[in-house]
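Please look over the structure below. A short briefing follows, grouped by topic.

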Amino acid sequence: MGNKEILRQRAEELAAKVNGEVEEQNGVLVLKVKGAYLSETLSTAKSFPDVPCDFLHDLTALDLKDHFEVVYQLSSLHGPQRLRVKGTVDREHPVVNSVTRLWRGANFLEREAYDMFGIEFKGHPNLKRIYLWDDFEGYPLRKDYVTESLEERSVVLPLKKGE
Amino acid sequence: MGLERTEELSLNMGPQHPSMHGVFRMVVTFDGEVITKIEPKVGYLHRGLEKLAESRTYTQFIPYTDRLDYLSAPHNNMAYVQTVEKLMGVQLPERAEYLRVIFAELARIASHLVFIASTALDMAGWTAWTYCFRDRERILDLFEMSAGSRLTVNAMRIGGFSRDVPPEFWPALKSFLDDLPDMMEEYFGIFYGNEIVMARLKSVGILPKELAENLSITGPVLRASGVQYDVRKAEPYGIYDRFDFEVPVRYGCDSYDRTLLRLDEIKESAKILRQAMRDIPEGPVTAKVSKIIKPPAGEVYHRVENPKGELGFYIVSDGSPKPARVRIRSGTFINIQMLPIVALGWKIQDLIAIFATLDAVLGEVDK
């Protein structure tokens with residue numbers, strides 16, 4: 001059995017346990033679960049027997065208009081396995097558990113997702129905005145964030161008579 | 001009876017400081033001379049590229065990617081256009097694939113030369129800086145004669161290359177590769193073999209293997225901690241599986257090994273360049289793609305080995321001419337997380353050295 005078949009089997013076993021579903025997108029297995037099951041899913045995926053997905057490449061979020069998805073790109077430094085885990089979260093109260101206990105590298109990534117989407121990561125050691133300043137209003141990468149028009153953004157004041 | 005200690009001193013390093021490689025800021029807390037806490041602050045160069053991408057077409061976003069890691073612009077172009085090509089299923093002409101490899105490896109050498117130069121400068125070594133910049137100039141000349149610009153090259157298009165390189169490109173490339181061993185001998189003499197450099201870098205800032213893996217560290221920093229992992233070998237993109245090269249690895253985990261590893265990588269890049277020069281076929285450099293790029297709905301995460309770490313693009317398409325989401329996973333943004341952990345207990349000059357070996361480019365960190 002090849003690496004991918006083992007991974008598919010493990011992912012399907014896990015999906016049955018956490019009430020998720022497995023699909024394939026352009027050659028990569030995607031495991032979709034509810035946001036509440038994310039920490040269980042990820043800690044299990046990190047220690048899959050034979051095909052551990054123990055390296056966190058990326059953590060980000062997607063705005064799908066009616067809900068958010070938190071996306072984790074997992075793989076391993078010691079094998080070809082790749083897995084994408086997606087957790088759906090509610091738009092009104094986007095809260096998921098932090099994975100900084102599993103991967104310390106998630107620290108900045110979770111702060112970025114909080115900064116851009118307003119997703120709260122419970123248990124994060126220092127959940128503050130990372131790119132934008134602290135009193136910035138709104139979350140720019142949400143689809144309903146309105147960017148101001150060029151005229152409003154312009155700080156050039158019109159010339160007064162006699163100037 | 002309490003312990004006697006000096007008053008804690010908090011110091012702002014940056015954003016405007018020559019050793020910060022751009023506009024990076026750290027709030028460092030000292031106990032006497034010893035660092036007890038570091039808080040990195042990023043975002044001074046944040047341009048909101050991910051948000052900008054959502055209002056541009058797929059083609060219009062290519063020049064923006066040049067501004068990510070501006071010391072190795074072809075890598076950023078390549079990562080982006082290959083992601084879109086993967087999404088669309090475009091097959092490239094052979095010559096375009098080879099040209100991409102040549103541009104990418106030249107950019108890797110140029111970027112590592114800047115790394116050696118700026119690390120030397122952070123150790124107050126002016127002469128090494130001038131040597132490296134003298135040689136990098138020849139790579140920039142190669143870019144200029146084929147794409148028109150030196151830094152933000154913007155030569156790649158979705159489906160190939162903007163245009164073929166001129167005939168004078170090949171002799172210039174060959175003479176550069178012929179001179180490269182002598183240049184590296186010089187860097188070794190003036191920088192790596194220098195006693196002061198060794199004293200400042202050896203066993204400073206140890207990053208153990210387990211910590212590096214847990215922190216999602218990638219690129220030369222990971223390889224200097226004893227993990228032989230390179231995206232070019234682990235998950236070959238483009239035509240990298242055709243070339244014969246080694247993935248250099250060092251086990252010292254310290255700043256000196258991180259620096260030395262870059263020199264090993266220049267050697268391997270030169271090896272790839274020679275093979276690509278030998279094998280490149282004649283032919284067109286652009287595949288036939290439609291004028292309006294409209295990838296089918298779907299999503300792709302694609303990564304390439306940037307000189308600084310792993311650069312990944314995660315593009316979600318909804319079938320319209322504009323991407324629904326472009327996510328940029330930049331290597332150094334994640335790599336600088338090691339600073340607050342690794343630099344604890346060292347003094348301020350060691351912090352400068354450790355930060356220098358991360359080779360951060362703030363265009364990539366801040367996006």
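This is a predicted model: local features need pLDDT of at least 70, side-chain atom pairs count only at pLDDT 80 or more; totals for chains, interfaces and linings use all residues.

Residues are numbered from 1 along each chain as its sequence is written, while chains are lettered from A and ligands numbered from 1 in the order in which they are written.

**Helix pair in chain B**
- The axes of helix 3 (residues 73-88) of chain B and helix 4 (residues 94-122) of chain B come within 7 Å and cross at roughly 140 degrees.
- Axes are lines fitted to C-alpha atoms, for helices over the stretch in contact, with angles from 0 to 180 degrees between N-to-C directions.
- From helix 3 of chain B, A73(B), P74(B), H75(B) and M78(B) meet R100(B), F103(B), A104(B) and A107(B) of helix 4 of chain B.
- Contact requires C-beta atoms, placed from the backbone, within 7 Å.
- The residues of this contact divide into six nonpolar, one polar and one charged.
- Nonpolar covers Ala, Val, Leu, Ile, Met, Phe, Trp, Tyr, Cys and Pro; charged covers Asp, Glu, Lys and Arg; the others, Gly among them, are polar.

**Chain B overall**
- Chain B has 15 helices and eight strands, taken as DSSP runs numbered from the N terminus (helices H or I, at least four residues; strands E, at least two).
- The C-alpha trace of chain B spans about 80 × 50 × 35 Å along its principal axes.

**Strand 5 of chain A**
- Seven of the nine residues of strand 5 (residues 82-90) of chain A are buried, so this strand is largely enclosed by the rest of the structure.
- Buried means that 20 or more other C-beta atoms, placed from the backbone, lie within 10 Å of the residue's own; exposed means 12 or fewer, and partly exposed is in between.
- Strand 2 (residues 28-34) of chain A pairs with strand 5 of chain A in the parallel sense over six bridges; pairing needs at least two DSSP bridges.
- K34(A) has T88(A) in strand 5 of chain A as its bridge partner.
- Strand 4 (residues 67-75) of chain A runs antiparallel to strand 5 of chain A, joined by nine bridges.
- A hairpin through six residues joins strand 4 of chain A to strand 5 of chain A.

**Where the chains meet**
- 22 residues of chain A are in contact with 27 residues of chain B.
- Strand 3 of chain A gives the most to the side of chain A that touches chain B, with six residues.

Key:
Two residues are in contact if their C-beta atoms, placed from the backbone, lie within 7 Å.
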